[in-house]
Amino acid sequence: MKTKLYVDSSNVISKIDDRLYSALVEHLGRSVYDGLYNPNSTKSDEDGFRTDVIEAVKQLGINLIRYPGGNFVSGYNWEDGVGPKEDRPTRLDLAWKSIETNQFGLHEFMKWTEKTGTQPNMAVNLGSRSLDAAKNLVEYCNFPGGTYWSDLRIKNGAKKPFNIKTWCLGNEMDGDWQIGHKTAEEYGRLAHETAKVMRLVDPEVDLVVSGSSFREMPTFGTWEETVLEHTYDDVDYLSLHRYYGNQENNLPNYLAQSVDFDEFIEGIIAVCDAVKARKHSKKTLNLALDEWNVWYHSNEQDEQVKPWQEAPHLLEDHYNFEDALLVGSLLISLLKHSDRVKIACLAQLVNVIAPIMTENDEIWLQSIFYPFMQVSKYGRGEALKPLFESPSYDTKDFKEVPYLDSIAIYNKNDGEIVVFAENKSNETMDFSIDLKEIQVENLIEATQFSGYDIKQTNKDQKMQIVKNDKVKLNNHELEAELSPLSWNMFRVKVE
């Protein structure tokens, strides 16, 4: 099978926003307790934070952390998580039918982001609460001092403002499962008024308004139109969420779901631009794909979990090799749309549908950790429009799906062209990269992630990215063999 990628450094999609490599941390299952925070672990530091998790997060290159949810935020009183820990109330978390001790709250989260080198993306509760609580939270976090809420922050140990700049206006408010679910009209009005008061407290905040929870919602499209009619001039990003699974055990169809991801993103862009045109606006609204991942392995297990436990085992998908291939392809889709998708949060980060798992005092990295780590580390710079030749295949749900999925990144600062390439076929692929007029100095690195059974997990920690020796660089063309069902990366030094 022969395939070819044409790389033109002048054919730029966009500069890639560092926030494309972000994640969600929610008070759900063992994400926070046992994941980020466990004072009883031998791996934890003086603040109760697991140092092995911190190092893994750094290795992933995560930029932004969306917190504290997710569905959890729609029933959360942020005041419960500040002040002396012995005075914090234990509450029922209705979203996940769990017990919330509030021993990890706002100040702990901010200290954890400092230690991981990440930035906070704070969500406000627009389900069970309203604009007053959101206004107070911004004042608590960002106002220097001299007012009730800012002085309370100082009293609680944070003299300097947190200066949180990215804020989500609620979560999945279109879904009836959401605490405080609203119609598009109700939510649009509330989001408009909430944005207004938040900006009065801090004019520098970036705001994300909630779009559809998933593409199959009956209100998909019309929800965005109505909400944006109210908020288009108030917000900076529209949120969208997307999860995938292989419930039918159909590998070709599963790997083709990146096509759905492309269509989903492009459909939302079309809606945003239609509202822009109707409003005669000069502003282009960008997207925050602040929940995306594979999620389906744990569904039956979760049905057996008894309610009202502290940090129960929930949503603990154990990812296999085919999941890593899909995640790699979804990352390519994000890069292809980096002109409009500026924030993307892998959901989630630790233990809950996550690349990082903890088990007692041990940690293990899931299969999806590896493609995400590579793209996060080397997918910096400018995304180049992917022009390639590839045979294609048809599946139950998709037609003419290319066997090759690929994109090139031009990193001017480091003088590199980085190519990510996935072979979705069961055959070895002869892959060539035409670098055209680019002055090539040498091949820096060629790697592959392949050779594993598609149902194999990484619980034994034997998965690894290895060197690809079957590569030749001749003048302006690189030739390589891509193993069947493989994730690949090539780094070329250029002048």
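Student: Which residues of helix α1 are buried?

Tutor: Buried means under 20% relative accessible area, with a 1.4 Å probe and protein chains only. In helix α1 (residues 51-60) these are Asp52, Val53, Ile54, Ala56, Val57 and Leu60. The model is predicted: local features need pLDDT of at least 70, side-chain atom pairs count only at pLDDT 80 or more, and totals for chains, interfaces and linings use all residues. Residues are numbered from 1 along each chain as its sequence is written, and side-chain values use heavy atoms, without hydrogens and water.

Student: What covers the buried residues of α1?

Tutor: Helices (H or I, at least four residues) and strands (E, at least two) are DSSP runs, numbered from the N terminus. The cover of α1 includes the helices α2 (106-116) and α11 (369-378), along with the strands β14 (356-359) and β15 (362-365).

Student: Which residue follows α1?

Tutor: Gly61 does, and its phi is positive, near 75 degrees.

Student: How many helices and strands does the protein have?

Tutor: There are 11 helices and 27 strands. The radius of gyration is 23 Å, close to the 23 Å from the globule rule for 495 residues, so the protein is as compact as a globular protein of that length. That radius is taken over C-alpha atoms, and the rule is 2.2 Å times the number of residues to the power 0.38.

Student: What share of the 495 residues counts as buried?

Tutor: The share is 59%.

Methods
Buried < 20%, exposed > 50% of the residue type's maximum accessible area, 1.4 Å probe, protein only. Contact = heavy atoms within 4.5 Å.
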